[in-house]
Amino acid sequence: MDIASLVVCLDDSRRSHHLIAVAVSLAAAYRASLLALHVDIASPDDPSAGSDVIRRAFLGAIDDAPIEGRWRASHRDNVSREARAGDIVIVGQAGWGATASDRLHRLGGCLLRVGRPVLVIPEHGWIRHRPGDHVLVAWNGSRQSTRALRDALPLLRRAASVRLVEFGEGRSSRSPGGVPVQDMLPWLARHGVDARSFTRVLGPDEDAGEAVLSYAADAGADLIVSGAYGHGPHREAVFGGVTRTLLRSMTLPVLFSH
């Protein structure tokens with residue numbers, strides 16, 4: 001699989017300019033088409049044409065890049081369906097909604113329902129326009145973890161360094177029947193990815209999500225790859241502990257896959 005199409009979800013916030021820069025940079029690197037969905041919170045039957053400022057910023061950015069780009073207004077209830085047109089969906093950490101809780105649940109609902117890998121860009125801090133030079137893969141051998149590794153292959157092939165890290169309580173945090181982290185290295189090598197494996201033992205009261213973020217910072221990673229764990233409809237999404245921590249406290253982009 002390669003990246004042939006991207007979708008970026010925008011709103012009227014100033015952070016959308018940053019999302020545009022990330023999306024255009026990635027699309028240019030992979031020669032992919034780019035669809036911008038302006039997420040409107042009005043009536044689902046009458047989405048607006050979107051913020052004119054953000055629309056002009058997007059059209060100006062694609063004019064200066066060798067990519068095909070399109071703009072579409074979308075209601076927030078339709079994002080998960082319409083975003084399936086992309087190989088990767090790019091969203092902001094703040095999500096979209098009337099309150100902080102609503103925004104988190106709508107963002108989480110997109111992760112669980114869209115059926116595509118979702119690249120979440122942190123709300124605060126400087127992010128390089130094309131994350132993925134130094135990648136940390138959070139591994140536990142589960143289906144979601146395996147899916148995330150597979151979905152990240154196009155990014156991993158271009159990375160300067162890839163670390164697969166198993167975060168363990170005691171001997172291992174591996175899911176029942178899960179594949180040991182070191183066993184994935186030959187598979188990655190056959191797909192053109194030179195990776196290294198590590199194990200990080202957690203303390204008895206240590207939060208696994210915080211450990212992932214701390215390890216990524218210490219390793220100089222500019223992208224985390226993780227399975228997205230959770231269930232429930234988009235208004236009542238229930239997340240696993242690591243997913244919830246990453247969504248709330250991320251300090252660098254995270255590629256989630258469910």
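Which residues does Val-120 touch, not counting residues up to four places away in sequence?

A: This is a predicted model, in which local features need pLDDT of at least 70 and side-chain atom pairs count only at pLDDT 80 or more, while totals for chains, interfaces and linings use all residues. Residues are numbered from 1 along each chain as its sequence is written, and side-chain values use heavy atoms, with hydrogens and water left out.

Once residues up to four places away in sequence are set aside, Val-120 touches Val-91, Gly-92, Gln-93, Leu-107, Leu-111, Met-250, Pro-253, Val-254 and Phe-256, where contact means heavy atoms within 4.5 Å. Val-120 itself belongs to strand 5, which covers residues 118-121 (strands are DSSP runs of E with at least two residues, helices are runs of H or I with at least four, and they are numbered from the N terminus). Because its relative accessibility is 0%, Val-120 counts as buried (buried means under 20% relative accessible area, exposed over 50%, and partly exposed in between, with a 1.4 Å probe and protein chains only).

Leaving aside the neighbours within four places in sequence, Ser-145 is in contact with Ala-138, Trp-139, Asn-140, Gly-227 and Tyr-229. Arg-31, by contrast, is exposed, with a relative accessible area of 76%, and its place is in the loop between helix 1 and strand 2 (33-40). Arg-31 has a positive phi of about 55°, although it is not a glycine.

Helix 1 (residues 15-30) packs with helix 2 (residues 52-63) at an angle of about 25°, and their axes are 10 Å apart (axes are lines fitted to C-alpha atoms, for helices over the stretch in contact, and angles run from 0 to 180 degrees between N-to-C directions). That angle makes helix 1 roughly parallel to helix 2 (under 35 degrees is roughly parallel, over 145 roughly antiparallel, 65 to 115 roughly perpendicular, and the rest oblique). On the helix 1 side, Ser-16, His-17, Ile-20 and Val-24 meet Val-53, Ile-54, Ala-57, Phe-58, Ala-61 and Ile-62 of helix 2. Sorted by class, this contact has 8 nonpolar, 2 polar and no charged residues (Ala, Val, Leu, Ile, Met, Phe, Trp, Tyr, Cys and Pro count as nonpolar, Asp, Glu, Lys and Arg as charged, and the others, Gly among them, as polar).

Another pair is helix 8 (residues 208-219) and helix 9 (residues 241-249), whose axes come within 7 Å and cross at roughly 50°, which makes helix 8 oblique to helix 9. Ala-208, Gly-209, Glu-210, Val-212 and Leu-213 of helix 8 meet Val-242, Thr-245, Leu-246 and Ser-249 of helix 9, and by class this contact has 5 nonpolar, 3 polar and 1 charged residues.

Turning to the whole chain, the secondary structure comes to 9 helices and 12 strands, and buried residues make up 52% of the 258 residues. Of the chain's contacts with a separation of 6 or more, 78% come from residues 24 or more positions apart.
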